[in-house]
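Q: I would like to learn how to read a model like this one, beginning with a sheet and then moving on to a helix and a chain contact. Could you take me through it step by step?

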Amino acid sequence: MPSLPDTDKAPDTAKVPRQRHSAPVVSVRDVEHTYGGGRGTESVTALGPVSLEIPAGEFLVLVGPSGCGKSTLLRLIAGFERASSGEVEVFGEQPEPGSQAGIVFQQPRLFPWRTVGDNVGLALKYAGVPRAERAGRTAELLERVGLADTSGRRIWQISGGQQQRVAIARALAGGKRLLLLDEPFAALDALTRERLQEDLRTVSAETGTTSVFVTHSVDEAVFLGTRTVVLSARPGRVALDIPIGLPRTGTGPDELRGLPEYAALRAEIGTAVRDAAR
Amino acid sequence: MTTPTSVRERAVPAPAGRRPERGARWRRVGLRLVALAVLLALWQLVIVLQLWSPVLVPSPAAVWRALLETSGTHDGVRGYQGHTLIEHLGISLRRIFIGAGAGVVAGLVVGVLMGTLPWVRVVLEPAVAFLRTLPPLAYFSLLIIWFGIDEAPKLWLLAIAAMPPVAVATASAVASAPTALVEAARAIGAGRGQVVTSVVLPSALPEILIGVRLAFGIAYSSVVAAETVNGLPGIGGLIRDAQRYNQSDTVILGLFAIGISGLLIDAGLRVLSDRLAPWRRHA
């Protein structure tokens, strides 16, 4: 069940005309982002202008050639960077890391000085979960990502795929209604990647958490998303914005990939990405 | 909410155990023992050939006798100047631990401030670098004028000598905290202070511990200098005092005592840093 969108706590009269029947979780308006431009350096426009609205419950996949600014866009939504121009709002607020969204990076970025369980526990602590509840919640979260018996392990004692699962559990720990994932499976081997894709698809369909997922894989976009946005090469602009109307539950991965619609979407998005790279 | 698949991903195999290294390790220990024996034999040979006067180069036996004499009571004289060798060493070690310990703590505080606040770094970096270049003996004279000739100037000397290496190591480690992990901490809602405690300090720990080892090494080499003034009891005082009476056997004994205890402390610190930062070997 998709969770209900956040109702604006402090209605701003200036923004009222923009509000439709339900406010989007993420809204990106005329955003441009430029790097560099300091003394003696030429500035590079990495992104934009881009406008996007992501309603609650959507699983949006951002695809594009490398250097198209898709990761930049995700970092703007996460609040790690401020847009050079334009506006990014998440739940109607200016994004701030750790306050609106759970974030999964390309590398697991776990803390090696903590055990698997303590990595998740720290996220619970910073999310304000009382100490007494943390152990139970940690166990629940680890079970949800398929790592029920690894809580006491050291980070270097588990595989790269397992580390990324822990990173997902850590991102879920905050109980945020938005999940941002930056090529989380790109560094994994093909088998592990497929398994994690299937698991993420299932968890996502069950929880209906609004998600933004960055990848350069067309197949991943069709397989995971409910909507795909293709960004063009630098500076990244929206080249294609297409809903993925595939069944979210009750269809196995092989069956899903065998559907004619799946192949058609793959072809269409693939063509758009190739065109965008030119 | 069940998890769809069982976890079939295999854990990374434990880093190839030390089994194959074991033989090599014992061979190394054996080789070192042989080298030590050869050295002792050469020493004895020098004595037998009477190349130098025994006053300049005492025999191994004379040093051994000095060890026995300074370790107990002989002819109503207890140890050396009323204290046994172990007591002299213990007093020096105590000075090192208190003095260098204070210096390490000060270095940590200064280092963390330098590493996290750029303006503190700008202000303090030259001062710390200046202090680091000074030979401890150079400012010892000033410390004696200020604090007299008892314990205070010795502890201050060791503290001042131990501070800079820890401060420098801490500052550089703290300043170069991995951005990826800092972002990961911010992503789970860590505030400024929490980023320091959850990422910056733990990631800096291995480098800080190297700074601490360096600091203790410097404190060790400074303690003999510190004990040249009113250093008895103390191992440096013992060496200094024995020198005045040309007791080269006792001087050599003191050198061995300092060298061996120094090696033991460094080994201890190394074990401690492996314990405190086990992830370093798995990075």
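Predicted model: local features only at pLDDT ≥ 70, side-chain atom pairs only at ≥ 80, totals over all residues.

Q: Over how many bridges do strand S1 and S2(A) pair?

A: Strand S1 (residues 26–35) of chain A pairs with S2(A) in the antiparallel sense over 7 bridges, and A:Tyr35 has A:Val44 in S2(A) as its bridge partner.

Q: How should I read a helix, and which residues of H5(A) are buried?

A: An α-helix has 3.6 residues a turn, so residues three or four places apart point the same way. In H5(A), the buried residues include A:Leu196, A:Leu200, A:Val203 and A:Ser204, and what covers the buried residues of this helix includes strand S3 (59–63), H3 and H4 of chain A. The 18 residues of H5(A) should span 26 Å at 1.5 Å a residue, which agrees with its end C-alpha atoms being 26 Å apart.

Q: Where does chain A touch chain B, and how many residues are in contact?

A: In the contact, 34 residues of chain A meet 24 residues of chain B. On the side of chain A that touches chain B, H5(A) gives the largest share, 6 residues, and by class this side has 15 nonpolar, 11 polar and 8 charged residues.

Note on methods: Residues numbered from 1 in each chain as written. Chains lettered and ligands numbered in written order. Contact = placed C-beta atoms within 7 Å. Helix = DSSP H or I, 4+ residues; strand = E, 2+ residues; numbered from the N terminus. Nonpolar A, V, L, I, M, F, W, Y, C, P; charged D, E, K, R; others polar. Expected span 1.5 Å × (residues − 1). Buried ≥ 20, exposed ≤ 12 C-beta atoms within 10 Å, placed from the backbone. Pairing = 2+ DSSP bridges.
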